[in-house]
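Take a walk through this structure with me.

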Amino acid sequence: MAAPRPSPEASGMSRGPGVGGGGDAGGAAWGAGLGPGGDGFAPSALGTREHWDAVYERELHTFQEYGDTGEIWFGEESMNRLIRWMQKHKIPLDASVLDIGTGNGVFLVELSSCGGRCFTVGIVIALFPDEADLSLASGWLLTAKCGFSNITGIDYSPSAIRLSGSIIEKEGLSNIKLKVEDFLNLSTKLSGFHICIDKGTFDAISLNPDNATEKRKQYVKSLSRVLKVKGFFLITSCNWTKEELLNEFTEGFELFEDLPTPKFSFGGRSGNSVAALVFQKTNCGAVDKVGKGELSSPYQFNPAGSQPLRG
């Protein structure tokens with residue numbers, strides 16, 4: 001979905017869409033005057049649905065012919081970073097998770113509880129009883145399926161949903177829900193998520209040639225609608241800096257955590273290759289279409305971040 005600043009981390013960047021989609025893909029050259037000053041980024045085809053429909057039609061054909069699932073936007077580490085955060089904060093495995101702009105759906109597969117690669121700590125320790133093997137055991141834990149069981153992926157490209165559906169079917173998974181959804185024009189049924197994740201969709205929206213500024217504002221409104229109060233929004237971007245994202249998500253959200261990302265140096269200056277932030281939805285001004293105020297939820301997330309508690 002996005003056309004971002006070139007990122008050393010994103011060596012496997014190539015992804016896709018959109019406004020309902022966001023999970024894995026590529027970058028365009030970061031050129032002069034392409035910053036988010038004034039009305040935003042310079043318009044690009046990478047911000048249009050037509051572009052991503054064509055991309056996913058090709059990727060679907062490639063998968064059907066060669067079994068290639070495509071690349072992961074921002075690389076595998078971008079997925080591991082988010083999964084580690086969810087594990088660190090003990091997000092319940094049955095918490096409802098929404099992947100905004102799922103693209104090829106590979107991140108959904110990694111989050112899933114099925115597929116034959118689920119390992120508990122006890123099993124891994126049994127496999128690696130010697131202290132010398134603990135580092136190997138840790139590696140297995142990071143690459144094992146995380147175990148989330150209430151996962152939904154949306155994308156505004158029907159081709160992306162067909163591709164992700166084919167990949168998920170090949171993995172033998174049945175607990176992942178997929179929907180063709182334009183995140184800026186949501187159906188009434190999509191709401192009540194504990195976790196929302198964006199890896200590139202907001203970037204792509206920012207490049208839309210048709211009033212990207214208003215579309216970014218609508219994105220924030222849609223996010224407020226689908227995410228429960230005290231729920232978390234995890235965003236990875238290579239177009240926006242931390243400070244810029246804080247400015248975009250001021251109404252109804254507060255910064256919860258700034259996730260470490262790789263740094264690089266160029267021309268005597270240094271910076272982060274991507275920004276990865278966790279926001280938490282606040283009570284302030286939170287109104288959901290299902291009803292005013294805070295939605296009832298089986299979880300109460302601890303604002304201090306130590307862990308979510310069942311309520």
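A word on the source. This is a predicted model, where local features need pLDDT of at least 70 and side-chain atom pairs count only at pLDDT 80 or more, while totals for chains, interfaces and linings use all residues. Residues are numbered from 1 along each chain as its sequence is written, and side-chain values use heavy atoms, with hydrogens and water left out.

Now the rings. Rings of Phe, Tyr and Trp (its six-membered ring) pair if their centres lie within 6.5 Å; planes under 30 degrees apart are stacked, over 60 edge-to-face, and the rest tilted. The whole structure holds 14 aromatic pairs. One of them joins W85 and F256: the centres are 6.0 Å apart and the planes stand at 85 degrees, so this pair is edge-to-face. W85 belongs to helix 2 (residues 76-88) and F256 to strand 6 (residues 253-258), so the pair ties together parts 171 residues apart in sequence. Helices (H or I, at least four residues) and strands (E, at least two) are DSSP runs, numbered from the N terminus.

F233 and F249 form a tilted pair, 5.3 Å centre to centre with 45 degrees between the planes. F233 sits in strand 5 (residues 227-237) and F249 in the loop between helix 9 (242-248) and strand 6, so this pair links parts 16 residues apart in sequence. Both F233 and F249 are buried. Buried means under 20% relative accessible area, exposed over 50%, partly exposed in between (1.4 Å probe, protein chains only). Ring pairs also build a cluster, with F233 and F249 among its members, alongside F183, F202, Y219, W240, F253 and F279.

Step back to the chain. Its secondary structure comes to nine helices and 13 strands. Of its 311 residues, 52% are buried. Contact means heavy atoms within 4.5 Å. Among contacts between residues at least 6 apart in sequence, 79% join residues at least 24 apart.

Where is T48 found? T48 is in the segment before helix 1 (49-66). At 17% relative accessibility, T48 counts as buried. Beyond its neighbours within four places in sequence, T48 touches Y156 and P209. The C-alpha atoms of T48 and N208 are separated by 5.8 Å, although these residues are 160 apart along the chain.
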